[in-house]
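Have the viewer open as you read.

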Amino acid sequence: MIHSMRDLGKADRITARKWRSLDWRDPRTDLVNLGRRAAEFERRGISVTHDDLRQRELKPHLERKQAALFAYFVSHAILKLPMAYAMIEDEDYDCVLWWKEGGKKVGKSHYGRVQLKEIVPPHINPNATIESELAKLGKYPTSNQTLVAVHVNQEGPLVWSAIARPATSVAEIWLYAALAPDQSRWFLYGDLLDRPQGFEVPWPTTYSS
């Protein structure tokens with residue numbers, strides 16, 4: 001379950017020092033700004049889709065969007081605590097989550113290493129499926145401290161409970177997908193490796209206080 005995240009992310013001094021110097025961002029603020037920009041483009045008659053971010057020069061923005069979504073889902077629906085995220089390419093993870101329990105000043109810091117995955121739409125890869133993507137997790141060595149967050153970017157009904165647990169060494173597997181075409185509502189499902197549950201989460205429309 002996601003509560004095991006509390007025991008992940010322990011780092012030696014060098015790693016902890018490197019993480020502290022990262023560009024830590026508030027996922028809610030980033031998503032609010034992203035939603036407002038998308039609405040402004042729409043008012044101007046400009047269509048900007050998720051697939052537009054696949055262009056080579058824009059790919060970092062796609063990964064940041066996915067990282068912000070997962071960080072916000074975990075913060076809002078699971079831990080009920082403020083959370084920050086930072087992008088980093090290191091070993092087998094793409095970003096790091098950071099949160100504190102017990103208050104900002106005296107709370108203990110916790111970290112979570114996250115590897116980002118995506119099940120792309122059929123027009124990108126007609127053979128892409130959840131099963132085929134999850135099967136890859138068992139083919140390559142992955143740290144048992146790494147969480148995997150999978151963006152299911154495909155339309156159509158999905159029986160979440162029918163998704164089989166893959167053979168893998170990763171710590172946790174979480175899947176998420178938009179429930180509405182305008183991405184105003186999302187669904188988070190996991191941990192796939194331990195009594196998974198589903199959570200519906202709205203796209204944030206206001207800044208955190």
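## Starting at Asp 30

Let's begin in helix 2 (residues 27-43), which is where Asp 30 is found. Keep in mind that this is a predicted model. Is Asp 30 buried or exposed? Asp 30 counts as buried because its relative accessible area is 15%, and the cut-off for buried is under 20%. If you skip the neighbours within four places in sequence, Asp 30 is in contact with Arg 25 and Tyr 85.

## Glu 89, over in strand 1

For contrast, take a look at Glu 89, whose place is in strand 1. Glu 89 counts as exposed because its relative accessibility is 75%, where exposed means over 50%.

## Strand 4 and its two partners

Strand 4 covers residues 146-152, and seven of its seven residues are buried. Which way do the side chains go? Thr 146, Val 148, Val 150 and Val 152 point one way, while Leu 147, Ala 149 and His 151 point the other, and all are buried. That's the pattern to expect, because in a regular strand the side chains alternate between the two faces of the sheet.

Strand 4 has parallel partners to show you. Strand 3 (residues 108-119) runs parallel to strand 4, with seven bridges joining the two. Strand 5 (residues 172-178) also pairs with strand 4 in the parallel sense, over five bridges.

## The nonpolar cores

Now for the greasy part. The largest nonpolar core holds 28 residues, and Phe 70, Phe 73, Leu 97, Tyr 176 and Leu 188 touch the most other members. Elements that give two or more residues to this core are helix 3 (59-79), strand 1 (83-90), strand 2 (93-101), strand 3, strand 4, strand 5, strand 6 (185-190) and strand 7 (197-202). Which element gives the most? Helix 3 does, with eleven residues.

Zoom in on Phe 70 and, neighbours within four places aside, you'll find contacts with Leu 97, Val 114, Ala 149, Trp 174, Tyr 176 and Leu 188. There is also a second, separate core of 19 residues, which includes Leu 134, Val 150, Val 170 and Ile 173.

## Helix 3 up close

Helix 3 has 21 residues and spans 29 Å from its first C-alpha to its last, close to the 30 Å expected at 1.5 Å a residue. It is mostly covered, with 15 of its 21 residues buried. Just after helix 3, Lys 80 takes a positive phi of about 60°.

## The whole chain

Stepping back, the protein chain has four helices and seven strands. In sequence order the pattern reads α-α-α-β-β-β-α-β-β-β-β. Of the 209 residues in the protein chain, 44% are buried.

Among contacts between residues at least 6 apart in sequence, 60% join residues at least 24 apart. The protein chain exposes about 11700 Å², and carbon and sulfur atoms supply 51% of it.

Conventions:
Residues numbered from 1 in each chain as written. Predicted model: local features only at pLDDT ≥ 70, side-chain atom pairs only at ≥ 80, totals over all residues. Heavy atoms only, no water. Buried < 20%, exposed > 50% of the residue type's maximum accessible area, 1.4 Å probe, protein only. Pairing = 2+ DSSP bridges. Contact = heavy atoms within 4.5 Å. Core = buried A, V, L, I, M, F, W, Y, C linked by side-chain atoms within 4.5 Å. Expected span 1.5 Å × (residues − 1). Areas by Shrake-Rupley, 256 points an atom, 1.4 Å probe, with all protein chains shown as cover.
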